[in-house]
Amino acid sequence: MNGGHVGKILRLDLTNRKSDTIPTQKYEQWIGGFGMGLALFYDEVDKKYITDTKDKTGFEPQNVICLMSGPLQGTLAPNGGRTEVVGLAPEAYPRPQICRSNFGGKFSAMMKFAGYDGIVIKGAADKPVWVNIINQKVVFEDAGKLWGLDTYKTQEEIWREVSSKAYQEWLPTGTGRDSGSTTQRPAVVTMGQIGERKGRLASLVHEEGHAAGQGGFGGVFGSKSLKAVSVLGTGSVPIADPKELIAARLWYKSHSTNAMPGSTFGNWGTEHFGRALNCYGCDRGCYANFDTGSEVLGAGSMCVDEYFNQQEDMDRNNGKITDATLVANTMMQRYGINAYELATGMSLKSSPHSKEVRGGVSWLHSLYRRGIIGKGKKIETDLDFDKVGTKEFAVELLRRIAYREEIGDDLAEGIVRAAAKWGVLESDLMSGLLPMIYAVGE
């Protein structure tokens, strides 16, 4: 075993509720979470299942999901807090394709502290479950009471469950890697209501603002009746030369610009900004803690999700970002909806119908302005598009997508599939109104 790896990959068989391990050494040659995860996926998946995916959805029990770390996760190496997700992605159009996504936070580090370089998930449970991993102990728990909860509440319930058991049943923990105790709460990755309904826009969410959005892997969790994976570990990651690693980190920090909000990541132009937050081992502080009162107290926001509703909010408020954007960001993460599909960060200025096309919401608004969507229109909805940019509009749109109600049922399949069903995919791709790069043909 080389430095940076802990030696094992955990394999979860949801169908039979069994677990075993695979030696990490078999995959170390592929280097990093993506390479190792892709190689692991090909080894674990039924080759007949992925040979021809034309009639597949990605929601079949044969699909496999790999949650992988790399040699830097769980160490002091900066920017090493990612967890790679690899599997057959339902979101891809026109058929599911092998895809990867990733999320930050501390999940990959905690996974390695528990003794695993990755987790591969196979099969499907016959009723909702969540997986409770505490070092070498792996339990398939009943998720009946978690089903229907959003991603934040699910994690809170699991934290309470694991914390209460940890101090009553977990001590003593044994010898070697399993010895000791911890005051840490477990790292949890889960999906929200849209994932339970097998939406192709369903993300996997960890903590408050870390999401693997691309691919629809939250929907794959839903198809497997898997609400969440929780990991708590007390081990460590072997380092070949700890002194040199610390020196490298200090050198890096002395030669880099700290990307605090207001500098490189200057997208939090709001008085509601509280403080910057970091993923495990990182010194960037590139996601934010906000406080707008009870609605989004402590909510995290980063990367593309911070753009959802932002430009529309600014358009309505003379360039100012209000709590409408922060609440919208939070609800998107709570429901577990892919930000890339709806966010305003993808800008194209070639549209003859709008001064700037920014993403999914702007595209929907363009349909309204063209008389295609609305009350009594070709695409029937009672959503009030005159309120685009408001807190009320954003939250209601997200709710309908999460619960697959009204036009939300089509949108939960992904904007490209919704556009195809509504008969505007080709025209809006050509005009630039629909900036969806994954809308490729056969």
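The model is predicted, and local features need pLDDT of at least 70, side-chain atom pairs count only at pLDDT 80 or more, and totals for chains, interfaces and linings use all residues. Residues are numbered from 1 along each chain as its sequence is written, and side-chain values use heavy atoms, with hydrogens and water left out.

The chain holds 15 helices and 17 strands. These are DSSP runs numbered from the N terminus (helices: H or I, at least four residues; strands: E, at least two). Of the 442 residues, 57% are buried. Buried means under 20% relative accessible area, exposed over 50%, and partly exposed in between (1.4 Å probe, protein chains only). Contact means heavy atoms within 4.5 Å. Among contacts between residues at least 6 apart in sequence, 66% join residues at least 24 apart.

Helix α11 spans residues 360-369. Seven of its 10 residues are buried, so α11 is largely enclosed by the rest of the structure. Trp363 and Leu364 are among these buried residues. Just after α11, Gly371 takes a positive phi of about 80°.

Helices α9 (residues 323-335) and α12 (residues 391-402) pack at about 10°, with axes 9 Å apart. Axes are lines fitted to C-alpha atoms, for helices over the stretch in contact, and angles run from 0 to 180 degrees between N-to-C directions. The two helices, α9 and α12, are therefore roughly parallel (angles under 35 degrees). On the α9 side, the meeting residues include Val327, Met331 and Tyr335. On the α12 side, they include Val395, Leu398 and Arg399.

Most residues other than glycine have a negative phi, and most peptide bonds are trans. Asn135 has a positive phi of about 50° and is not a glycine. Asn135 sits in the loop between β7 (129-134) and β8 (137-142). Its relative accessibility is 1%, so Asn135 counts as buried. Arg404 also has a positive phi, near 55°. Arg404 lies in the loop between α12 and α13 (407-411). The peptide bond from Tyr93 to Pro94 is cis, with omega near 5°. Pro94 belongs to the loop between β4 and β5 (97-103).

Leu76, Ile246 and Leu250 form a nonpolar surface patch of about 280 Å². Such a patch joins nonpolar side chains (Val, Leu, Ile, Met, Phe, Trp, Tyr) within 5 Å, from residues with over 30% relative accessible area and no salt bridge. A salt bridge is a side-chain nitrogen of Lys or Arg within 4 Å of a carboxyl oxygen of Asp or Glu. Accessible areas come from the Shrake-Rupley method with a 1.4 Å probe; for residues, only the protein chains shown count as cover. Leu76 is partly exposed because its relative accessibility is 41%.

Terms used: Patch = residues over 30% accessible without salt bridge, like charges linked within 9 Å, V, L, I, M, F, W, Y side chains within 5 Å. Parallel < 35°, antiparallel > 145°, perpendicular 65-115°, else oblique.
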